[in-house]
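Dear colleague,

Please find the structure below, together with the sequence.

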Amino acid sequence: ESSGPKFIYPLPDPQLQLPETEDQYRQSIGELLRQKDFGELDRAANSARQTKARLRGGIWKLYVFYDVVANPAGAGEASNQVWLNRLSLLNEWVAAAPSSVTARVALGTFYHRYGWAARGEGYANTVAASSWAPFKLRTSQAYQVLLDADKLSPKCPHWYFVMLDVVRDLGGSKEQVREIFDRGVALEPGYYHDYREFAHDLLPKWLGEPGEAEA
């Protein structure tokens with residue numbers, strides 16, 4: 001028998017409440033959206049912002065919240081009518097709650113993703129010529145909606161995540177993107193999604209030089 005140290009692993013506390021899984025949270029937020037329970041959606045987002053809650057695995061609830069409300073199911077393959085249905089729903093939320101920063105950040109996020117639905121995820125040289133106009137139009141709409149959201153309170157960490165890419169996609173400079181990133185970190189230094197997206201924007205295919213993102 002080994003004479004080394006013996007480790008005792010305690011059994012899990014049956015009363016311990018583990019964080020929700022991402023799937024569970026997605027389902028709950030999706031159901032609120034389907035029911036058009038805009039008040040409860042605002043409360044859920046405010047709670048996620050204030051508590052900085054994470055899901056099992058560490059992802060911020062706030063990040064997943066916007067991913068659910070801004071993207072229709074099967075976003076990559078969704079028909080244009082499905083996208084327009086989601087746009088109508090988000091506009092209804094904004095109309096019902098004009099002072100809701102969450103509703104406007106959701107709408108801005110939607111327009112950004114709707115633009116990429118037109119563009120496609122490939123390199124620029126694979127994008128159809130007819131796709132550039134809707135991409136730029138929808139990205140410009142995202143920018144305007146996010147500017148409107150920036151006038152509201154409370155400030156939302158996810159605003160900076162989306163604006164990093166919107167400004168980049170509109171041809172903004174590395175300095176402009178850095179300014180947005182610095183503002184986001186000053187507001188919420190723990191929102192790691194902003195760091196990841198800023199590093200992504202510094203890849204050579206976007207605004208950076210070789211080795212800059214790694215540095």
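**Helix packing**

In this predicted model, the axes of helix H5 (residues 101-119) and helix H7 (residues 157-169) come within 10 Å and cross at roughly 35°. The crossing of H5 and H7 is left-handed. On the H5 side, the residues in contact are Val-105, Gly-108, Thr-109, His-112 and Trp-116. They meet a set of H7 residues that includes His-158, Trp-159, Val-162 and Val-166, along with the charged residues Asp-165, Arg-168 and Asp-169.

**Salt bridges**

The structure holds 16 salt bridges. Several of them are described here.

Glu-20 pairs with Lys-61, with the closest N and O atoms 2.8 Å apart. This pair links distant parts of the chain, since Glu-20 belongs to the segment before H1 and Lys-61 to helix H3 (residues 61-70), 41 residues apart. Glu-20 counts as partly exposed at 29% relative accessibility, whereas Lys-61 counts as buried because its value of 18% is under the 20% limit.

A second salt bridge joins Lys-52 and Glu-188, where the closest N and O atoms are 3.0 Å apart. Lys-52 is in the loop between H2 and H3, and Glu-188 is in the loop between helix H8 (174-187) and helix H9 (192-201), so the pair ties together parts that are 136 residues apart in sequence. Of the two partners, Lys-52 is partly exposed at 41% relative accessibility, and Glu-188 is buried, with a relative accessible area of 9%.

Asp-150 and Arg-183 also meet through their side chains in a salt bridge, at 3.2 Å from N to O. Asp-150 sits in the loop between H6 and H7 and Arg-183 in helix H8, so this pair connects parts 33 residues apart in sequence. Arg-183 counts as partly exposed, at 30% relative accessibility.

**Surface and loop features**

Tyr-143, Leu-147 and Leu-170 make a nonpolar surface patch of about 210 Å². Of these, Leu-147 lies in helix H6 (residues 132-149) and is partly exposed, with a relative accessible area of 31%.

Asp-37 is found in the loop between helix H1 (22-34) and helix H2 (38-51). Its relative accessibility of 29% places Asp-37 in the partly exposed class. The C-alpha atoms of Asp-37 and Arg-196 are separated by 32 Å, and the two residues are 159 residues apart along the chain.

Yours sincerely

Note on methods
Residues are numbered from 1 along each chain as its sequence is written. This is a predicted model: local features need pLDDT of at least 70, side-chain atom pairs count only at pLDDT 80 or more; totals for chains, interfaces and linings use all residues. Side-chain values use heavy atoms; hydrogens and water are left out. Patches are made of residues with over 30% relative accessible area and no salt bridge: like charges are joined within 9 Å, nonpolar side chains (Val, Leu, Ile, Met, Phe, Trp, Tyr) within 5 Å. Accessible areas come from the Shrake-Rupley method with a 1.4 Å probe; for residues, only the protein chains shown count as cover. A salt bridge is a side-chain nitrogen of Lys or Arg within 4 Å of a carboxyl oxygen of Asp or Glu. Helices (H or I, at least four residues) and strands (E, at least two) are DSSP runs, numbered from the N terminus. Buried means under 20% relative accessible area, exposed over 50%, partly exposed in between (1.4 Å probe, protein chains only). Axes are lines fitted to C-alpha atoms, for helices over the stretch in contact, and angles run from 0 to 180 degrees between N-to-C directions. A crossing is left-handed if the near helix is turned anticlockwise from the far one by less than a right angle, and right-handed if clockwise. Contact means heavy atoms within 4.5 Å.
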